[in-house]
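Here is a short briefing to read alongside the sequence and the 3D view. Take it one topic at a time, and find each residue in the picture as you go.

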Amino acid sequence: MLVAAARAIETHRPDALARDPFAEHFVRAARASAGWPVHPDQVPGGDADPLWGRLGRYFGLRTRVLDDFLLARAAGGVRQVVLLGAGLDCRAHRLDWPPGSTVYELDRPEVLAFKDRVLTGTGAEARAHRVPVAADLCREWATALLAAGFDPGIPTAWLAEGLLLYLPPAAERALAATVHALGAPGSALAYEVKLGVEAAAVRASPVYAAARAGIGVDLLALFDPAPRPDTAADLRGRGWSVSVTTPFDFTRRHGRGPLPERDDALAANRWVFATRP
């Protein structure tokens with residue numbers, strides 16, 4: 001819901017990096033988030049607000065960058081997409097997919113049920129063949145994906161947006177192994193990670209404090225505290241070509257988004273892009 005609200009706010013910005021017209025419907029449909037802002041005019045501090053301003057712009061930037069990643073793969077001929085931990089994003093509905101594209105959305109059954117209920121209420125129509133797949137990504141999920149019609153013999157664009165930070169290390173390692181096992185040559189993967197353990201000054205940053213005080217969400221409690229595996233090195237060892245970037249790289253490229261700050265809660269975030277030759 002936090003990401004959906006951020007996407008809704010971004011959608012209404014005159015300089016929006018990404019637009020998701022469905023996001024605010026999710027926010028308003030849930031009791032816990034019904035009073036959250038969905039428009040910049042509802043954020044008194046504007047971009048200076050640590051939660052709905054700076055972190056919100058981060059989510060807007062992340063959405064744009066990962067949209068571009070998927071569309072670039074589609075332009076290159078990939079017609080099979082897997083969203084791991086799809087959440088409430090509506091890429092199957094809002095992106096301009098080439099004919100013959102299939103988007104598999106993996107998430108917990110209750111998330112997918114809520115998402116389908118809200119989308120049905122809006123009359124939304126997917127622009128690709130959308131296949132929801134109920135799965136717990138902390139457990140084995142390849143069987144469910146294959147049963148839903150996934151073809152491991154063709155290239156796939158895989159996306160794990162805002163997911164690995166919350167998974168136990170064993171689940172992250174298993175996810176990378178499964179993507180490799182099911183990812184035919186020509187496949188690509190994009191994901192987000194947070195490096196290392198944040199210092200006490202970072203954990204006390206305004207972003208985390210504002211989330212606790214403003215919406216009652218302790219983001220730090222959601223992150224898995226165990227040491228993270230080096231998934232980029234794992235993929236390289238399996239023959240994938242991997243590049244590791246910071247969000248700030250894309251802020252500079254697009255001319256808007258968060259820039260580094262002292263004791264920055266975003267400083268450890270990395271966006272990773274991998275391709276299997």
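Let's begin at the start of a helix: Asp49 caps the N-terminal end of α3, with a side-chain oxygen 2.9 Å from the backbone nitrogen of Leu51. Keep in mind that this is a predicted model.

**Helix α3 from end to end**

- Helix α3 covers residues 50-75, which makes 26 residues.
- From its first C-alpha to its last, α3 reaches 36 Å, close to the 38 Å expected at 1.5 Å a residue.
- The helix has a kink of about 30°, and this kink is centred on Gly56.
- Of the 26 residues of α3, 19 are buried, so the helix is largely enclosed by the rest of the structure.
- After α3 comes Gly77, which has a positive phi, near 110°.

**Leu51, a residue of α3**

- Leu51, whose backbone nitrogen takes part in the cap with Asp49, belongs to helix α3.
- Is Leu51 buried or exposed? Its relative accessibility is 3%, so Leu51 counts as buried.
- Residues that touch Leu51, not counting those up to four places away in sequence, are Leu2, Gly56, Ala210, Ala211 and Ile215.
- One of these contacts is Gly56, the residue on which the kink of α3 is centred.
- Leu2 is another contact of Leu51; the two are 49 residues apart along the chain, and their C-alpha atoms are separated by 9.3 Å.

**The largest pocket**

- The volume of the largest pocket is about 1,200 Å³.
- This pocket is lined by 45 residues, and the closest to its centre are Met1, Val3, Gly87, Gly162 and Tyr166.
- Elements that give two or more residues to the lining include α1 (2-11), α3, β1 and α5 (109-122).
- Also among them are β5 (188-194), α9 (206-215) and α10 (219-222).

**Val82 in strand β1**

- Strand β1 spans residues 80-84, and Val82 is part of it.
- With a relative accessibility of 0%, Val82 counts as buried.
- Leaving aside neighbours within four places in sequence, Val82 is in contact with Tyr104, Leu106, Leu145, Phe150, Thr156, Ala157, Trp158 and Leu159.
- Val82 and Ser241 are 159 residues apart along the chain, with 19 Å between their C-alpha atoms.

**Thr245 in strand β6**

- Thr245 sits in strand β6, which runs over residues 241-245.
- Thr245 has a relative accessible area of 15%; it is therefore buried, since the cut-off is under 20%.
- How far is the side chain of Thr245 from the backbone oxygen of Trp271? The distance is 2.8 Å.
- Trp271 is also one of the contacts of Thr245 beyond four places in sequence, along with Phe250, Asn269, Arg270 and Phe273.

- Asp263 is not a glycine, yet its phi is positive, about 50°.
- Asp263 is partly exposed, at 37% relative accessibility.
- Leu259 is in the loop between α12 and β7, and it is partly exposed at 44% relative accessibility.
- Setting aside neighbours within four places in sequence, Leu259 is in contact with Arg54, Phe248, Thr251, Arg252 and Asp264.
- Leu259 and Tyr58 are 201 residues apart in sequence, but their C-alpha atoms are 9.5 Å apart in space.
- His254 lies in helix α12 and is buried, with a relative accessible area of 18%.
- Not counting residues up to four places away in sequence, His254 touches Leu17, Leu61, Arg64, Val65 and Asp68.

**His129 in strand β3**

- Strand β3 comprises residues 129-134, and His129 is in it.
- Which residues does His129 contact, leaving aside its neighbours within four places in sequence? They are Ser101, Thr102 and Val103.
- His129 and Thr102 are 27 residues apart in sequence and 4.5 Å apart in space, C-alpha to C-alpha.

Notes. Residues are numbered from 1 along each chain as its sequence is written. This is a predicted model: local features need pLDDT of at least 70, side-chain atom pairs count only at pLDDT 80 or more; totals for chains, interfaces and linings use all residues. Side-chain values use heavy atoms; hydrogens and water are left out. Helices (H or I, at least four residues) and strands (E, at least two) are DSSP runs, numbered from the N terminus. The expected span of a helix is 1.5 Å times one less than its number of residues. The bend at a residue is the angle between axes fitted to the seven residues ending there and the seven starting there. Buried means under 20% relative accessible area, exposed over 50%, partly exposed in between (1.4 Å probe, protein chains only). A polar contact is a pair of N or O atoms within 3.5 Å; within protein, one must be able to donate a hydrogen and the other to accept it, and residues adjacent in sequence count only if both atoms are side-chain atoms. Contact means heavy atoms within 4.5 Å. On a 1 Å grid over the protein atoms alone, a cavity is a set of points where a 1.4 Å probe fits but cannot get out, and a pocket is an open set with protein on both sides within 12 Å along at least five of seven lines; lining residues have an atom within 4 Å of a point. Grid points are joined across faces, edges and corners, and a volume is the space filled by probe spheres set on the points.
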